[in-house]
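User: Please walk me through how to read this model, one feature at a time. Give me the general idea, then the case at hand.

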Amino acid sequence: MAQNIFVYTGTTFEISANETFHTNGLTLVPSSAFDLDGLSISKNTTLTFPATSGATAISRCYLFSANSPAYSGTVQIDYLDGELNGLTESTLETNNYDGSIWTPVTSATNDATNNYVLTNALSSTILREITLASSSSPLPVEWLDFTATKQKLDVLLQWSTAQEMNTLDFVVQHS
């Protein structure tokens, strides 16, 4: 069952620095003011932007209706044992989808007794969708081959996969 909070555009709903905002098992404690103007936050049981199979993320996620303003502060997600999808509680870490990629966030506290994960302080992070996933689970892609071929001043990348579970796209990074 989805549970939502809506803040209509033009409405000032600001969480002051170091104030606690809690809704449906999601707790935000911003280190600087955080404005939810024009955003909604939905609690869902499945990921909207799947990057992992149901076996590698819990059955709880929070979707922001649009990319949030830059957020600095901590995030805490509470969970129930029945939402674990077979995951080991000690390996849970917060994962944030910023609109393009899922990124694990280092945990300050992983409390399996009281069923919550609290992040270390985030800095200027865009929140789009947040969930808990296992830090020890493999990526849901099974690679067959990957080649890089020089073509004058460019490089041609080619790859193939044997299996992609709920993969939206690939992001190629270089340095």
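Analyst: Happy to. Helices (H or I, at least four residues) and strands (E, at least two) are DSSP runs, numbered from the N terminus. By that count the chain has zero helices and 16 strands. Asn-24, for instance, sits in the loop between S3 and S4. This is a predicted model, where local features need pLDDT of at least 70 and side-chain atom pairs count only at pLDDT 80 or more, while totals for chains, interfaces and linings use all residues. Residues are numbered from 1 along each chain as its sequence is written, and side-chain values use heavy atoms, leaving out hydrogens and water.

User: What is the phi of Asn-24?

Analyst: Most residues other than glycine have a negative phi. Asn-24 has a positive value, near 50°. Asn-18 is another non-glycine residue with a positive phi, about 65°, and it lies in the loop between strand S2 (14-15) and strand S3 (21-23).

User: Is Asn-18 buried or exposed?

Analyst: Buried means under 20% relative accessible area, exposed over 50%, and partly exposed in between (1.4 Å probe, protein chains only). With 58%, Asn-18 is exposed, whereas Asn-24 is partly exposed at 26%. Over the chain of 175 residues, 38% count as buried.

User: Which strands does S8 pair with?

Analyst: Two strands pair if DSSP finds at least two bridges between them. S8 runs antiparallel to S4, and five bridges join them; one place to look is Pro-30, whose bridge partner in S8 is Gly-73. S8 also pairs in the antiparallel sense with strand S12 (residues 116-119), over three bridges, and there Ile-77 stands opposite Val-117. Its antiparallel pairing with strand S13 (residues 122-125) has two bridges, and Tyr-71 has Thr-125 as its bridge partner in S13.

User: How many of the residues of S8 are buried?

Analyst: Six of its eight, which leaves S8 mostly covered.

User: Which residues of the largest nonpolar core touch the most other members?

Analyst: A nonpolar core is a set of buried Ala, Val, Leu, Ile, Met, Phe, Trp, Tyr and Cys residues joined through side-chain atoms within 4.5 Å. The largest one here holds 25 residues, and Leu-28, Leu-36, Val-75 and Leu-92 touch the most other members. At least two residues of this core come from each of strand S4 (26-30), strand S7 (57-64), strand S8 (71-78) and strand S14 (129-134). A second, separate core has eight residues, including Ala-57, Cys-61, Leu-63 and Trp-102.

User: Which residues does Leu-28 touch?

Analyst: Contact means heavy atoms within 4.5 Å. Leaving aside residues up to four places away in sequence, the partners of Leu-28 include Ile-15, Phe-21, Phe-34, Val-75 and Leu-127. For the whole chain, of contacts between residues at least 6 apart in sequence, 62% join residues at least 24 apart.

User: How many salt bridges does a search of the whole structure find?

Analyst: A salt bridge is a side-chain nitrogen of Lys or Arg within 4 Å of a carboxyl oxygen of Asp or Glu. The search finds one, between the side chains of Arg-60 and Glu-83, at 3.1 Å from N to O. Arg-60 is in strand S7 and Glu-83 in the loop between S8 and S9, so the pair ties together parts 23 residues apart in sequence. Both residues are buried.

User: Which residues form the nonpolar patch on the surface?

Analyst: Patches are made of residues with over 30% relative accessible area and no salt bridge; like charges are joined within 9 Å, and nonpolar side chains (Val, Leu, Ile, Met, Phe, Trp, Tyr) within 5 Å. Accessible areas come from the Shrake-Rupley method with a 1.4 Å probe, and for residues only the protein chains shown count as cover. The patch consists of Phe-146, Val-155, Leu-157, Trp-159, Phe-170 and Val-172, together about 520 Å² of accessible area. Strand S16 (residues 154-164) gives the most, three residues. Leu-157 lies in that strand and counts as partly exposed at 32% relative accessibility. The accessible surface of the chain comes to about 9800 Å², with 51% belonging to carbon and sulfur atoms.
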